[in-house]
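This report covers a protein–DNA model.

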Protein chains: 2
Amino acid sequence: MTNISKEDYLSVIFKHKDQNEEIKATVIAEMMNISGAAVTDMLKKLSKEGDVKYEKYKGIKLTKKGENYARNMVRRHRIWEVFLHDIIGVPWEKVHDEAHRLEHSASDELIDRMEEMLNFPEYDPHGDPIPAKNGMIPKLRKHVPLSCMKPDSVCSVVRVNDFHKEFLNYISGIGIKLNEKIVVEEVRNFDKSLRINVNGSSFDVSQKLADNVFVEIVTI
Amino acid sequence: MTNISKEDYLSVIFKHKDQNEEIKATVIAEMMNISGAAVTDMLKKLSKEGDVKYEKYKGIKLTKKGENYARNMVRRHRIWEVFLHDIIGVPWEKVHDEAHRLEHSASDELIDRMEEMLNFPEYDPHGDPIPAKNGMIPKLRKHVPLSCMKPDSVCSVVRVNDFHKEFLNYISGIGIKLNEKIVVEEVRNFDKSLRINVNGSSFDVSQKLADNVFVEIVTI
DNA sequence: GGCTAAAGTTAAGCGTGCTTAAATATAATG
DNA sequence: CATTATATTTAAGCACGCTTAACTTTAGCC
């Protein structure tokens, strides 16, 4: 098993933990765009190497070892993201893919040096927390999807999902960025679309969009 | 054939051109630390893809296509080297390996952006020329190995070979760096070792070392 | 020119990470 | 609880980039 594949599998399993309880093989396959058979295959190898605890038809769980490995990969990825974004000026929507390619290649030494240059950032450009070298993961401010907000409330962007490039491109185009203030002007019940005001300009956004922007409530 | 392997083969062939005429399969094998059989194998594939002109037992030559590909890889590598060295502060002797891992992963866009940040450098940290986006390769100043210098002559470092980490580490330890002035104080005929003065301090260096430091003559 | 050493090639095989198709286990539903 | 749908696993096979061992060509030397 080459490291890059292993790293990708472990990262996917690790990142999923934030959201649900135990990841399904199907989900891994989907996230990585590979067949289910490939997942079963790799799980056996990862299990043999002690990175996941895995029993046929039962469940998939990172071992302590696997979790450490994965957390470090997420760390590497997110430090690259900040570096690319803040230092090199790579635009929001391109940061993820670029970082994904680079995260496997840099030495830990280089990652640490970049982290230092960046002054030990706690969050990546999408608002996701960056695990520290010692394993600590910064807490996120309490946040809800923008789609939950009521009319005439005000909120501030804490995190955005980075699954979809077009989405990131679009929202950055209308001025949404981390810590940006959003005023919810109107919520339409029939389709849950919202009229929001960002930095003085108003835009209509779908519920789907609002589902993927997470905000801290400023005024209800 | 995955890109990374192809890229390595083409780079090795390309870089060799500076020195000799036509590269031998044995040399490729040595440089890449693989068997001769693997080289033959890959040459067939590269030939089929039109990157090298290759005839059994005859010779190995890059096609125009292969040369463009290779030149771009060398470009990528050397821009990474400058970036790592100048921006991130990676020490001289670690720059090559780190860049080698990264050169396969970055997008061309990122490379261009880094080049711009660096103000379109012409030489990498070892003094090797960086091919421009349009394919132009900066000329090197006229230079000779330090080992050719006569006693009481003065020279300036133009380029160093970057094959060996310990070597780079050692020479940087005694103050040798690009454009540094070196005064040759003494040359011993029996072993061709030299006593040189760098930045006020004197050191004895072997011929072997001096063979790998290339200098421009200031005073004969 | 003939012989040997060196260089290069072929053949067979291996580990990796996939694939598809078929088999089997689990979950969901009436 | 039986049946169907879904999830997972197995089996067979493939492309890749290697390896070693055996073979062939070329180059160097007398």
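## The interface between chains A and B

Chain A puts 18 residues in contact with 18 residues of chain B, contact meaning heavy atoms within 4.5 Å. The area buried between the two chains is about 1,500 Å². Buried area is the accessible area (1.4 Å probe) that two parts lose on being put together, summed over both. Carbon and sulfur atoms give 62% of that area. Ile88(A), Ser105(A) and Leu110(A) supply 35% of what chain A buries against chain B, more than any other three residues.

This is a predicted model: local features need pLDDT of at least 70, side-chain atom pairs count only at pLDDT 80 or more, and totals for chains, interfaces and linings use all residues. Residues are numbered from 1 along each chain as its sequence is written, chains are lettered from A and ligands numbered from 1 in the order in which they are written, and side-chain values use heavy atoms, with hydrogens and water left out.

## Polar links and composition

Two salt bridges are counted between chain A and chain B. The term requires a side-chain nitrogen of Lys or Arg within 4 Å of a carboxyl oxygen of Asp or Glu. Lys94(B) and Glu109(A) meet through their side chains in a salt bridge, at 2.7 Å from N to O.

On the side of chain A that touches chain B, the elements giving two or more residues are α4 (64–88), α5 (92–102) and α6 (108–117) of chain A. Helices (H or I, at least four residues) and strands (E, at least two) are DSSP runs, numbered from the N terminus. By class, that side of chain A has 11 nonpolar, two polar and five charged residues. Ala, Val, Leu, Ile, Met, Phe, Trp, Tyr, Cys and Pro count as nonpolar, Asp, Glu, Lys and Arg as charged, and the others, Gly among them, as polar.

## DNA strand D

DNA strand D is surrounded by 23 residues. A residue is near a strand if one of its heavy atoms lies within 4 Å of it. The closest are Thr26(A), Tyr54(A), Lys56(A), Met1(B) and Thr2(B). Of the atoms of DNA strand D that come within 4 Å of the protein, 80% are accounted for by sugar and phosphate.

Phosphate oxygens of DNA strand D lie 2.4 Å from a polar side-chain atom of Tyr54(A), 2.8 Å from a side-chain N or O atom of Lys44(A) and 3.0 Å from one of Lys58(B). Two or more residues each come from α2 (25–32) and α3 (36–48) of chain A, and from α1 (3–17) and α3 (36–48) of chain B. The most, five residues, come from α3(B). The surface near DNA strand D has 11 nonpolar, six polar and six charged residues.

## DNA strand C

Around DNA strand C there are 24 residues, of which Met1(A), Thr2(A), Thr26(B), Tyr54(B) and Lys56(B) come nearest.

The distance is 2.2 Å for Thr26(B), 2.5 Å for Tyr54(B) and 3.0 Å for Thr40(B). The largest share of the surface near DNA strand C, five residues, comes from α3(A). By class, that surface has 11 nonpolar, seven polar and six charged residues.

## The sheet of chain B

Six strands of chain B form an open antiparallel sheet in the order β3-β8-β4-β5-β6-β7. Two strands pair if DSSP finds at least two bridges between them. β3 (144–145) and β7 (201–205) stand at the edges with a single partner strand each, so one side of each has no neighbour in the sheet.

β5 (residues 181–187) and β6 (residues 194–198) of chain B pair antiparallel over five bridges. Val184(B) stands opposite Ile196(B), and Val183(B) has Asn197(B) as its bridge partner. The two strands form a hairpin with six residues between them, and Lys192(B) in the turn has a positive phi of about 60 degrees. Three bridges join β4(B) (residues 154–160) to β5(B), again antiparallel. Ser156(B) stands opposite Lys181(B) in β5(B).

Key: A polar contact is a pair of N or O atoms within 3.5 Å; within protein, one must be able to donate a hydrogen and the other to accept it, and residues adjacent in sequence count only if both atoms are side-chain atoms.
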